[in-house]
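Visitor: I'm new to this one. Can you walk me through it?

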Amino acid sequence: FKAGIDGKVFALEADPRYAALQSRTFDGLGNQYVKPEVLCAAVADKLGILEFAVAKRGHTRSHLAGIERSSQIETEAYRQVMTITLDFLLSYWKKPDFIKIDVEGAEHLAMYGAKKILNEIRPIIYVEVSQSNETQMDRIFGEADYDIFTLENDGSISPSQKSGMCTIAIPKEYRSDTAVS
């Protein structure tokens, strides 16, 4: 992770097993990389405790229970997880310039808990938006005065009318041709 001389990288992971694995992996990175700090928690729209569904196959399919896609995924176990908001993290972590969100269908909850980040901090956001949340995410980004782009396979971005699986949201005051390279 290249974050600059004063940069920091933070990671949230709801599954304790994968949070520990990420920490071990990051500890093995060479000194030329910023080592991310891992917090075992789920991001949502409020502080609390929710059920986390652990997928039977593939941890990338694990998700907060009760979201629309949860009925489509075979689950091996449910665990309680602490939920936090992105705005809550502002009290503890450095203000972000860039946020990556991959929360398996709960991206709208993450954004509902990020009003200060969206309206005051104004980072660039990369988010994988599930089809069921496209309309909500378009509204959230529109109300926060963000432009929506699609990250293409070659690393370039192109303007988009709606959110999707590879969405880059850039505050309108940024020049889109220099904001992401």
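Guide: Here is a short tour of the sheet, a hairpin, a helix and some charged pairs. Keep in mind that this is a predicted model.

Visitor: Start with the sheet. What order do its four strands take?

Guide: The order is β3-β6-β4-β5. The sheet is open, and its pairing is mixed.

Visitor: Which strands sit at the edges?

Guide: Those are β3 (42–43) and β5 (63–64). Each of them pairs on one side only.

Visitor: And how many bridges join β4 and β6?

Guide: Eight. Strand β4 covers residues 48–55, strand β6 covers residues 75–84, and the two pair in the antiparallel sense. For one spot to look at, find A55, which stands opposite T75 in β6.

Visitor: Okay, over to β9. Which way do β9 and β11 run?

Guide: They run antiparallel, joined by five bridges. Strand β9 is residues 146–151 and β11 is residues 167–171. There, D147 stands opposite I170.

Visitor: What about β9 and β10?

Guide: Also antiparallel, with three bridges; β10 spans residues 157–159. T150 has S158 in β10 as its bridge partner. Five residues lie between the strands of this hairpin, and G155 takes a positive phi near 90° there.

Visitor: New topic. How far does helix α1 reach?

Guide: Its 12 residues, 16–27, reach 16 Å from the first C-alpha to the last. That is close to the 16 Å expected at 1.5 Å a residue.

Visitor: What happens at the start of α1?

Guide: A side-chain oxygen of D15 comes to within 2.9 Å of the backbone nitrogen of R17. D15 and R17 also form a salt bridge, with the closest N and O atoms 3.2 Å apart.

Visitor: Is D15 buried or exposed?

Guide: D15 is buried, because its relative accessible area is 2%. R17 is partly exposed at 43%.

Visitor: How many salt bridges are there?

Guide: Six. Another one of them joins E173 and R122, at 2.8 Å from N to O. The pair links distant parts of the chain, 51 residues apart. E173 is in the loop between β11 and α6, and R122 is in the loop between α4 and β8.

Visitor: What does the E134 and K162 pair tie together?

Guide: E134 lies in helix α5 and K162 in the loop between β10 and β11, so the pair ties together parts 28 residues apart in sequence. Their salt bridge is 3.0 Å, N to O.

Conventions. Residues are numbered from 1 along each chain as its sequence is written. This is a predicted model: local features need pLDDT of at least 70, side-chain atom pairs count only at pLDDT 80 or more; totals for chains, interfaces and linings use all residues. Side-chain values use heavy atoms; hydrogens and water are left out. Two strands pair if DSSP finds at least two bridges between them. The expected span of a helix is 1.5 Å times one less than its number of residues. A polar contact is a pair of N or O atoms within 3.5 Å; within protein, one must be able to donate a hydrogen and the other to accept it, and residues adjacent in sequence count only if both atoms are side-chain atoms. A salt bridge is a side-chain nitrogen of Lys or Arg within 4 Å of a carboxyl oxygen of Asp or Glu. Buried means under 20% relative accessible area, exposed over 50%, partly exposed in between (1.4 Å probe, protein chains only).
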